Amino acid sequence: MKTVLVTGGAGSVGCQLVTTFVQHGDRVRAFDLPFCDFSLLESLSDVEIIKGDITDAETVQAAVRGVDAVVHLAALLPPASERDRARTFEVNVGGTENLLKAIERDGGQAHLVFSSSISTYGDTTAGDSPIRVSHPQHALDIYAESKIVSERLLRASEISYTILRIAGISVPEFLEPPDPWPFMADQRVEFINREDVIVALFASVQQEEARGEIFNIAGGPSWQVTGHEYAKGIYEAMDIPIEIASYATSPGWLDWYDTSESQAALGYQRTLFPRFLELLRKATEAALA
């Protein structure tokens, strides 16, 4: 049995990850902002809820005390991250630094799993794919910049870590599609099902071979499609005419990724893209019933 701290524990991914740890017999501290909704976690045994701010070093120190592992999900995400660079760095970089210092003060034994992003590679559309973890990082926005700096802090530290550069997360729920889509119609794109991300995060705590590694986390070969093919699959599953789809006029940071090493170590790619579309279709039917 491990004691695991999950920062951002009340969020969409965090809440399901906390539940996963509990189901496997671990004790969990779910850390998130006081105004977050903890209702889904309050009924779970072996979950300690800590309401606080990742920028508060004292609260972070108390949350880290005695844990075996930390999964760091707490961050300002786009579009909020793009409104104030100083605030984004205070939360995303300063929060990571608080965790590192807290782990070191607590003896330096806890393993830190850091949720980074494939957005840190920037625009890779002019090169060859799939993109490997050795590819240079070049931020296109404040969020990606903050993740690059945070990764550097981890690599310069002496604590045990795993860095996961996670692709865009797809959720099989009845949600309004973006307009426009954040990619061009002919651009290479690869997303990943939310539940598979949770498996990867969980396995990064459990698997010794994940320690000291940097992994790309993405859906795998069945998810490697063009922007139009991805949008078409989503629209058809939701019974929306593809003709209304619109796309970005310039490329962003999406591409195809080499996930062979991460899949071998973590075994997380469990949802093929066609299966995801089937789940989305069922969720849409249920929502409209």
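Ile103 lies in helix 4, where helices (H or I, at least four residues) and strands (E, at least two) are DSSP runs numbered from the N terminus. The model is predicted: local features need pLDDT of at least 70, side-chain atom pairs count only at pLDDT 80 or more, and totals for chains, interfaces and linings use all residues. Residues are numbered from 1 along each chain as its sequence is written, and side-chain values use heavy atoms, with hydrogens and water left out.

At 1% relative accessibility, Ile103 counts as buried. Buried means under 20% relative accessible area, exposed over 50%, and partly exposed in between (1.4 Å probe, protein chains only). Leaving out residues up to four places away in sequence, Ile103 touches Val64, Val70, Gly108, Ala110, Leu112 and Ile159. Contact here means heavy atoms within 4.5 Å. The C-alpha atoms of Ile103 and Asp68 are separated by 9.8 Å, and the two residues are 35 residues apart along the chain.

Nonpolar cores were examined next. A nonpolar core is a set of buried Ala, Val, Leu, Ile, Met, Phe, Trp, Tyr and Cys residues joined through side-chain atoms within 4.5 Å. The largest has 41 residues. Val6, Leu17, Phe21, Val71, Leu201, Ile217 and Leu266 have the most contacts inside it. At least two residues of this core come from each of strand 1 (3-7), helix 1 (12-23), strand 2 (27-32), strand 4 (69-72), strand 6 (161-166), helix 6 (194-206), strand 10 (214-217) and helix 8 (260-266). Helix 6 gives the most, with eight residues. Apart from this core lies another, of 22 residues, with Leu5, Ala63, Leu100 and Leu112 among them. Leu201 is in contact with Val13, Leu17, Val71, Leu73, Val113 and Leu164, leaving aside its neighbours within four places in sequence. In soluble globular proteins, nonpolar side chains tend to be buried together.

Aromatic rings were then searched. The whole structure holds 13 aromatic pairs. Rings of Phe, Tyr and Trp (its six-membered ring) pair if their centres lie within 6.5 Å; planes under 30 degrees apart count as stacked, over 60 as edge-to-face and the rest as tilted. The rings of Phe183 and Tyr247 form a tilted pair, because their centres are 6.3 Å apart and their planes stand at 40°. Phe183 lies in the loop between strand 7 (169-170) and strand 8 (188-189), and Tyr247 in the loop between helix 7 (227-237) and helix 8, so the pair ties together parts 64 residues apart in sequence. Both Phe183 and Tyr247 are buried. Trp223 and Phe276 are also tilted, since their ring centres are 5.1 Å apart and their planes are at 55°. This pair links distant parts of the chain, 53 residues apart: Trp223 is in the loop between strand 10 and strand 11 (225-226), and Phe276 is in helix 9 (residues 273-288). Trp223 and Phe276 are buried. One aromatic cluster is formed by Trp181, Phe183, Phe191, Trp223, Tyr230, Tyr235, Tyr247, Phe273 and Phe276.

Helix 5 (residues 142-156) has 15 residues and should span 21 Å at 1.5 Å a residue; its end C-alpha atoms are 21 Å apart, which agrees. The expected span is 1.5 Å times one less than the number of residues. Buried residues of helix 5 are Ile142, Tyr143, Ala144, Ser146, Lys147, Ile148, Ser150, Glu151 and Leu154. Their cover includes helix 4 (85-105), strand 5 (111-117) and strand 6. Ser146, in helix 5, has 0% relative accessibility. Its side chain makes a polar contact with the side chain of Asn92 (3.0 Å). A polar contact is a pair of N or O atoms within 3.5 Å; within protein, one must be able to donate a hydrogen and the other to accept it, and residues adjacent in sequence count only if both atoms are side-chain atoms. Leaving aside neighbours within four places in sequence, Ser146 is in contact with Thr88, Phe89, Asn92 and Val93.

Backbone geometry was also examined. Most residues other than glycine have a negative phi, and most peptide bonds are trans. The peptide bond from Pro78 to Pro79 is cis, with omega near 5°, and Pro79 lies in the loop between strand 4 and helix 4. Ser129 and Pro130 are likewise joined by a cis peptide bond, with omega about 5°. Asp239 has a positive phi of about 55° and, at 71% relative accessibility, counts as exposed.
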